[in-house]
Structures are given as C-alpha cells and as structure tokens.
Amino acid sequence: MIKFVEHILKNFLESPRFQNFITFIIILNSILIGLETYPEMMKEYEPIIDTFDMVILVCFTIEIALKIFIFRRKFFTNGWDVFDFFVIGISILPAAGSFSIFRALRIIRTLRLLKSLPKLRLIIESLLHSLPSIGWIVVLLTIVYYIYAVVGYNLFAPLYPEYFGSLHKAFFTLFQIMTLESWSSAIARPIMDGVPYSAVYFVTFILIATYTTLNVFIAIVVNTMNQLALKGMHEEEEQMKQFMAAQHKVLNQKLDKLQKEVTSLKENQ
C-alpha cells in the first residue's frame, strides 16, 4: 500500500502540471517580495502580501516533505533537492529579532527557478562542471597579472606611484584595465604622455588578459554545455530504449499467452 502511495505521489510531483505550478508560485513569490520594497504598497496591502507569502511557503514545505517521504535518503544525494531543502529551511526560520536577516533572505527562493527551468539548469550545471578548467584559467591569469604588475612597477612606479607604486596597487590598476573601465582616459593616456612606449605594455596586457582569457573562458563553458546536452540526449535515448524493450517484452508475453489460449481452444475442439 505504501509503495502504491509513493508511486502515485512521485508521478504527481514529477508531472509537468505540478512543475509548472511550482514555477508559477516561485515567480509570484519573487514579485511579492519585490512589492515589499514599496512602503506605500505595504501600507495598503501588507496583510494580503503576507498571507500569500505564507501560503506559498506552506506549498514549498509540503513539496519538500513529500519528496523526503518518497525518496528518503536518496533525497539528500541529489544536489538540487538539497539546495531546495536549504532554501526552504531558511524561509521557515523566524523573521523577528536577531533572525530578521532571514526575512531578507527569502528572495533566495527565486533561485529555485534555476532548477525549475531546464535551460537555466543546464547553464548552471555547465558552469559547475567547468570549475576545474576555469580554475586553471585563474592560475594562468594570476601569472599574467604578476608578470605585468612587476614590469609595471619597474617601468612606471617613479612617475606614477598612485597606479604602480606597489604590487597591490599595480594589481588593482591592471584589474581596472582588464575591465576596460576608463582604462584609456584615466590610466593609459596620462602614462603614455610621460612614457610613450607604454602603449605596447597596455595593448598586450588587454589582448592577453581581456580578449584571449575571456574567449577561452567562454569556449570552456560552451564546450561543457554541449557535452552536458549530448549526455542528456544519450540518457533520454537510453531511457527510451529501455522503455521500448520493456514494452516489447510485455507484448511478447501477451502474444505468448494468447497463442497458448488459441492452442488450448484448438485442442479442446
């Protein structure tokens, strides 16, 4: 009996209608939290907004409780389910006194959209799977930063100590240059007036640190995304093969049974 109930509940929780309902209340909850930033809106509609917020929290809590009931220990082996559990757990904590910060953290519920929307989930999973490779990009970028910071200190520190007067100042200057935020008017051109050949320094750094590194980063993420998409397609194809094999087996069993019944009828005649 329990297995039957678990099967029914599992099909219900994984049904497209229920998933669409969860996505809808996540979006609704995010809108309501945004409305709380308007004092005039809260003054007039605070009881209604609080009621909706409580109902949405109850829906989320019931969903998590049902999943724990169905999957038990397996629930905590799924990263997305653990993330949902953490988000809802924060929402349940009291929002008064020393815990008032948790009321602001309710907006974290919006992150559940990352799980509900497959395309967003694919992007996040791609970023997570790309972290080892991205880590090596960070190492490469740190080496480039260090080399250019030391060179910049030796070239420009006497004339421009505010930009290259120490290693940490040079690092911050290079970071500003890499972001392309006022790098030309605020940093490069004033220094080029005093050190004409410094243009080579700035152009080569931007080409290496900004354009090359950024393109490598994008390439890694896109490649990982393609790999995950292909993996998902292969998994769906394998599931379809297993389903077809199971249906074929059931059909053969029914045909064998029918054939035996026909043979039995012929023998009785």
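Author: Let's go through this one label by label.

Author: First, the ground rules: this is a predicted model, so local features need pLDDT of at least 70 and side-chain atom pairs count only at pLDDT 80 or more, while totals for chains, interfaces and linings use all residues. Residues are numbered from 1 along each chain as its sequence is written, and side-chain values use heavy atoms, with hydrogens and water left out.

Reader: How many helices and strands are there in the protein?

Author: There are 11 helices and zero strands. Helices (H or I, at least four residues) and strands (E, at least two) are DSSP runs, numbered from the N terminus. Helix α11, for instance, covers residues 198–268.

Reader: What is the radius of gyration of the protein, and what would a compact globule of 269 residues have?

Author: The protein has 30 Å, whereas a compact globule of 269 residues would have a value near 18 Å. The radius is taken over C-alpha atoms, and the globule rule is 2.2 Å times the number of residues to the power 0.38. Along the principal axes, the C-alpha atoms fill a box of roughly 110 × 55 × 30 Å.

Reader: Why does Thr210 count as buried?

Author: Buried means under 20% relative accessible area, exposed means over 50%, and partly exposed is in between (1.4 Å probe, protein chains only). Thr210 has 9% relative accessibility, so it counts as buried. Across the 269 residues of the protein, 28% get that label.

Reader: Which residues is Thr210 in contact with, leaving aside its neighbours within four places in sequence?

Author: Ile177, Met178, Leu180 and Phe205. Contact here means heavy atoms within 4.5 Å. With Met178 there is also a polar pair: its backbone oxygen lies 3.0 Å from a polar atom of the Thr210 side chain. A polar contact is a pair of N or O atoms within 3.5 Å; within protein, one must be able to donate a hydrogen and the other to accept it, and residues adjacent in sequence count only if both atoms are side-chain atoms.

Reader: What makes Glu63 and Lys67 a salt bridge?

Author: The rule asks for a side-chain nitrogen of Lys or Arg within 4 Å of a carboxyl oxygen of Asp or Glu. For Glu63 and Lys67, the closest N and O atoms are 3.5 Å apart, and the pair forms a salt bridge. They are four residues apart in helix α3 (residues 39–71), so about one helical turn separates them.

Reader: Why does Thr23 count as buried?

Author: Because its relative accessibility is 13%. Thr23 lies in helix α2 (residues 16–35). Thr23 and Leu114 are 91 residues apart in sequence and 9.9 Å apart in space, C-alpha to C-alpha.

Reader: Why does Arg72 count as partly exposed?

Author: Arg72 has 43% relative accessibility, so it gets the label partly exposed. Arg72 is in the loop between α3 and α4, and has a positive phi of about 55 degrees although it is not a glycine. Ser182 has a positive phi too, near 55 degrees, and counts as partly exposed because of its 34% relative accessibility.

Reader: Which residues form a nonpolar patch on the surface?

Author: Trp136, Val139, Ile143, Ile147, Val151, Leu155 and Tyr197, with about 700 Å² of accessible area together. Patches are made of residues with over 30% relative accessible area and no salt bridge; like charges are joined within 9 Å, and nonpolar side chains (Val, Leu, Ile, Met, Phe, Trp, Tyr) within 5 Å. Accessible areas come from the Shrake-Rupley method with a 1.4 Å probe; for residues, only the protein chains shown count as cover. Leu155 has 33% relative accessibility, so it counts as partly exposed.
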